[in-house]
Amino acid sequence: MTDGNNRHLPDQRHRKLQASRYAGLVVLSSLLLMVVLASLAFGSVSIPLSDVITVLVGGKATNTTWQQIILQFRLPRTITAISAGSALATSGLQLQALFRNPLAGPSLLGINAGASLGAALVVLTRGTANVGHGFVQISIVGAASLGAGMSMGVVLLVAQRVRSALALLIFGLMFGYMTTALVTILLHFSLLDQTQAYLNWTFGSFSNVTWQQMPLFVPVILLGLGGSQLLYKALNLLLLGEAQAQSMGLSVNQVRCLLIFSSSLLSGTITAFCGPIAFVGVAVPHLCRSLFQTVDHRILVPAVALLGAILALIADAIAQLPGSQSVLPLNAVMAVLGAPVLIGLMLKRQQTWS
């Protein structure tokens, strides 16, 4: 009887650990809700939380100006920040599983640079930093996604020949520099207003997406996030190595193509609408692994989406400088928040690399 009870102890510990991880997802969901309400209530104009909730449930605020601020400015920006943080964090998680490298991400592997080049070809030729309507809107998103997909394809080809993770990261950085050089050449031959428009776009912002653009922006992000949720089993198998995953019945080439499509769609769309946002895709997956103490993507996929959305909202709040009319470049705030995480990761893994 005692031996039978002992055999059940590991299962009990596992169930308790899984229950605690699911409880952590509930905590992140609750925290996201609180951050959303705070982002709608605070800014250059402070709005009572009761009025914010009233407007969200379809009522009217006590001040018509407050209602306009919430519905026309803060709510679209909040939805954009949630979508961007979730998309970039999920894209980074997928790439890290694909390359089995915790430093892989859209920015470090040159994917964001490819998306930037695609978007730059449209922005610089049309002279606007904002995503427009109709054909212009679709062309920017399409060009950025295509640029991200082509960059990812190049990196995958190199990954098949280069076995060193560090060498692959160096290639990604060099590829990013080459792509940035092409953008610089385009800037050299562009008009002054076109150059200024592109530079403003590169600062990053969650304020460029309007209600008219949401029907295109949100479904694309939901498509990518939904696809990543369906691929969590494949992501777990990829952690064992491609040979082991294939021996267990996984179609590695098919999964690789799906991951390329999903990651490129997510990072390319966010880059097109919000500019090249860095650090989220690398820092958030690492934070989630540390917080949840797991590499199970059944937990990590929703966790990175929630935490990415939270950090994006916090970064946007800092960039908005509550109580002030000034707005900081979003990419600068992201760097301040994300760089310490990457430094900690490198210090923690320096013995493994050596």
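Ser83 sits in helix α3, residues 64-99; helices here are DSSP runs of H or I with at least four residues, numbered from the N terminus. The model is a predicted one, in which local features need pLDDT of at least 70 and side-chain atom pairs count only at pLDDT 80 or more, while totals for chains, interfaces and linings use all residues. Residues are numbered from 1 along each chain as its sequence is written, and side-chain values use heavy atoms, with hydrogens and water left out.

With a relative accessible area of 11%, Ser83 is buried (under 20%; exposed is over 50% and partly exposed in between, with a 1.4 Å probe and protein chains only). Its side chain reaches the backbone oxygen of Ile79 at 2.9 Å. Neighbours within four places in sequence aside, Ser83 is in contact with Phe217, Ile221 and Ile270, contact meaning heavy atoms within 4.5 Å.

Across the whole structure, a search finds two aromatic pairs. Rings of Phe, Tyr and Trp (its six-membered ring) pair if their centres lie within 6.5 Å; planes under 30 degrees apart are stacked, over 60 edge-to-face, and the rest tilted.

Phe171 and Phe175 have ring centres 6.0 Å apart and planes at 25 degrees, so this pair is stacked. Both lie in helix α6, four residues apart. Phe171 is partly exposed at 25%, whereas Phe175 is buried at 16%.

For Phe217 and Phe273, the centres are 5.0 Å apart and the planes at 70 degrees, so the pair is edge-to-face. Phe217 belongs to helix α8 and Phe273 to helix α11, so the pair ties together parts 56 residues apart in sequence. Phe217 is buried at 0%, and Phe273 is buried at 1%.

Notes
Helix = DSSP H or I, 4+ residues; strand = E, 2+ residues; numbered from the N terminus. Polar contact = N/O pair within 3.5 Å; in protein donor to acceptor, adjacent residues only side chain to side chain.
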